[in-house]
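Dear colleague,

I am passing a structure on to you, and below it you will find my notes on what was found. Please read them with the model open beside you.

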Amino acid sequence: MTPRARAVVATLALAVAVLAAAAAALVTFWPRSPPGVPPALVPASWESYRTSPGHRTHVDGGKAECKDCHDYAREGFINPGAAPCVRCHEKEQSHGHTGSAARPTNCLTCHAFAPDEKPATCIGCHRDAQDHLAAVGVHASADCAACHRVHESPSIVPADCGGCHEERAQGHASHAGDKGCPDCHTGHAPAAAAIAACSTCHAQPAGPKPAGHDTCIGCHAPHDFATSPGVCAGCHGAKPTLAAAVVSAHGACTSCHAPHAPAQAAGSCTGCHTATRVAHGGSASCTGCHQPHGQDADTTVAVACTSCHTRVAPTDTGAHAGGVACEGCHKPHDATPPDRRAVCASCHASEVNLTGASKGHADCASCHGASAHAPAAAPPCGSCHGAERATAPVGHQKCQACHQPHSGSVEPQAACASCHATEAASAHAKVKGGCESCHRPHGPAGVAAPPACATCHARPQLPALHADPAHGNCATCHSSHGPPRSDRATCTGTCHADRRDHQPQAQVCTGCHVFRR
């Protein structure tokens, strides 16, 4: 071997020795490898990765081996992502914190495996709004795990709020299925936001709510849901209320005003006054006449009828000739026009009874006009009884002198003798039929004029000298109501003038010349 060759061999031997020493030193100082992993496959970063929270939990403190997550024989120790997690954490995967389509999350979002990553905190993401979730403000410094269970169902199990909050909602949370504070409050929203939650349970009564009543806690204490006894007066002040002194229910606002629809109080009267049926002025008629609040509300007197019915009369006693109150004819709660005959009879019973004898007089309005508020004086009878008026003789023009005005019957005191006393004493007054046998007071019934004497006194039946044709004119000797005339003047005046001096001593001719049998 030449010197040059020996030098090359020596150099190679030295190099081998140096490499061997380096290899020995490398083996001596190389970090311990994970169990079951050949040292030659362990990367230099293992020492720093093994102390990360994720690896320490799974490898050092758990039962996981590298191969459970890493396929190091084929791929090396690359980041395997979150796919291997489901192999052991199927339950957690089924109840995972998946984020949203816009901002998806997986196991590695919260569980750090890299050495330079700090353990994730909930507030680290949720201090800002996350899609439909508002940013966490209230309770941001509290332990999220006190209420949230990320990988369980239900995922939210609120802690006992009473541990920090002294408020108690005993009166408000005492219903079937109540969840306590979460019924109204959400964990991260301000307390005032609970006002909007009232309607989720209290859909009825729904709106519209009047101005000033749109905030539930304006009247209701939120944690006991009670209303203070004087809560209405706190805003509306004390109001004089109709008959409150004698009707206790009128002293409580809610007897008439529904808190969520106070303007509908006008229709609440019938809730208590069930026996009263109102047909006067529509649905709000009670308050139209009975003022519920005001300076005179402590009385039970209704407002004057003429405050609305101004065309009837200036006052409630100004109609019907004055002095008759409206209630004398009208029922206050029934605006139906009363039966005219019945209501007239309440004061004018005698007159109404009398009209029953006269068909034409049965309706009071036929003589006294259609307006009972301003009854007219009875018109002249002749306005209806034209024929009677046209045929009534002088002295018989005033109908009421003989007739009762409501029944039409002839008054007993209206006998002919009351005016015609002389005639009533005559012989003809005593005949059957009396005066009416010859006279009529007016038409259209009865004879037109006194009948001829022969109607009753037929000539063939007249005695003695009546049969003489010369004596045919009855009126020569007789008058209708006077006695027969047979004195000298009557007989010799026009007929027997040649006998004026005959038997001058005789006062009457009938002493010798008889007219009777």
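Helices (H or I, at least four residues) and strands (E, at least two) are taken here as DSSP runs, numbered from the N terminus. On that basis the protein has 19 helices and zero strands. This is a predicted model, in which local features need pLDDT of at least 70 and side-chain atom pairs count only at pLDDT 80 or more, while totals for chains, interfaces and linings use all residues. Residues are numbered from 1 along each chain as its sequence is written, and side-chain values use heavy atoms, with hydrogens and water left out.

Of the 517 residues in the protein, 13% are buried, where buried means under 20% relative accessible area, exposed over 50% and partly exposed in between (1.4 Å probe, protein chains only).

Histidine 55 lies in helix 3 (residues 53–60), and it counts as buried because its relative accessible area is 12%. Setting aside neighbours within four places in sequence, histidine 55 is in contact (heavy atoms within 4.5 Å) with Tyr49, Arg50, Asp60, His70 and Phe113.

Alanine 159, by comparison, is found in the loop between helix 8 (122–126) and helix 9 (198–201), and it is classed as partly exposed because its relative accessible area is 35%. Not counting residues up to four places away in sequence, alanine 159 touches Ala146 and Cys147, and its C-alpha atom is separated by 9.1 Å from that of histidine 148, which is 11 residues apart along the chain.
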